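Thanks for making time this morning. I have one protein to walk you through, so please look at the screen.

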Amino acid sequence: DHFMGHLSKGGLAPDTPVDLVLSCVDNFQARMAINQACAELGQRWMESGVSEDAVSGHIQNIVPGETACFGCAPPLIVAREGDERELKREGVCAASLPTTMGLVAAL
């Protein structure tokens with residue numbers, strides 16, 4: 001309820017919805033919670049993420065009623081019914097992670 005309240009009444013003008021939700025959370029469950037809230041409110045959002053090894057990233061513009069929701073078009077690891085934890089490998093050097101994150105954010 002708290003999150004939904006912020007989305008529906010947290011705009012710049014009092015008691016107006018936000019214009020756009022930007023997300024870059026670190027797990028699938030959080031993304032699905034944002035997806036559900038935005039779908040219920042008809043709220044546009046941009047989802048983004050970076051792989052743990054900093055080799056790839058994604059940006060997804062989601063517009064309820066116009067584009068597929070996050071649950072219908074998830075990242076490949078989830079679509080192939082994999083476990084997102086398998087992306088996190090011990091000993092992986094993520095020295096370029098801030099660079100990849102910055103590039104994804106800039107896009």
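Start at Ser23, which lies in strand E1. Helices (H or I, at least four residues) and strands (E, at least two) are DSSP runs, numbered from the N terminus. Before I go on, a caution: this is a predicted model, where local features need pLDDT of at least 70, side-chain atom pairs count only at pLDDT 80 or more, and totals for chains, interfaces and linings use all residues. Residues are numbered from 1 along each chain as its sequence is written, and side-chain values use heavy atoms, with hydrogens and water left out.

Is Ser23 buried or exposed? Buried, with a relative accessible area of 7%. My cut-offs: buried is under 20% relative accessible area, exposed is over 50%, and partly exposed is in between, with a 1.4 Å probe and protein chains only. What does Ser23 touch? Setting aside residues up to four places away in sequence, Ser23 touches Ile34, Trp45, Met46, Glu47 and Ser48. Contact here means heavy atoms within 4.5 Å.

Now the sheet around that serine. Three strands form an open sheet in the order E1-E2-E3, and the pairing is mixed. Strand E1 (21-23) and strand E3 (57-62) stand at the edges. Each has a single partner strand, so one side of each is left without a neighbour in the sheet. On average, neighbouring strands here are turned by 10 degrees against each other, direction ignored. For angles, axes are lines fitted to C-alpha atoms, for helices over the stretch in contact, and values run from 0 to 180 degrees between N-to-C directions.

As a reminder, strands of a sheet pair through backbone hydrogen bonds, either parallel or antiparallel. In this model, E1 pairs with strand E2 (residues 45-50) in the parallel sense, over three bridges. Two strands count as paired if DSSP finds at least two bridges between them. Leu22 stands opposite Met46 in E2. Helix H2 (residues 28-41) packs on this sheet and touches E1, E2 and E3. The direction of H2 makes about 170 degrees with that of E2.

Next, charge. How many salt bridges does the structure hold? One. The rule is a side-chain nitrogen of Lys or Arg within 4 Å of a carboxyl oxygen of Asp or Glu. The side chains of Arg31 and Glu47 form that salt bridge, at 2.8 Å, N to O. The pair links distant parts of the chain, with Arg31 in helix H2 and Glu47 in strand E2, 16 residues apart. Arg31 is buried at 8% relative accessibility. Glu47 is buried too, at 0%.

On to cysteines. A disulfide is a covalent bond between the sulfur atoms of two cysteines. I call one when a pair of cysteine sulfur atoms lies within 2.5 Å. By this rule the count is zero. Cys24 is exposed, at 52% relative accessibility. Cys38 is buried, at 0%.

Most residues other than glycine have a negative phi, and most peptide bonds are trans. Asp15 is not a glycine, yet it has a positive phi of about 55 degrees. Where is Asp15 found? In the loop between helix H1 (2-9) and E1. Asp15 is exposed, at 59% relative accessibility. Beyond residues up to four places away in sequence, Asp15 touches Ser8 and Lys9.

Val104 is found in helix H4 (residues 97-106). Val104 is buried, with a relative accessible area of 11%. Leaving aside neighbours within four places in sequence, Val104 is in contact with Ser48, Gly49, Val50, Gly57, His58 and Ile59. Val104 and Cys24 are 80 residues apart along the chain, with their C-alpha atoms separated by 9.9 Å.

Last, the whole protein. There are four helices and three strands. From the N terminus on, the elements run α-β-α-β-β-α-α. Of the 107 residues, 22% are buried. Take the contacts between residues at least 6 apart in sequence: 48% join residues at least 24 apart. The accessible surface comes to about 7,200 Å², and 57% of this belongs to carbon and sulfur atoms. Those areas come from the Shrake-Rupley method with a 1.4 Å probe; for residues, only the protein chains shown count as cover.
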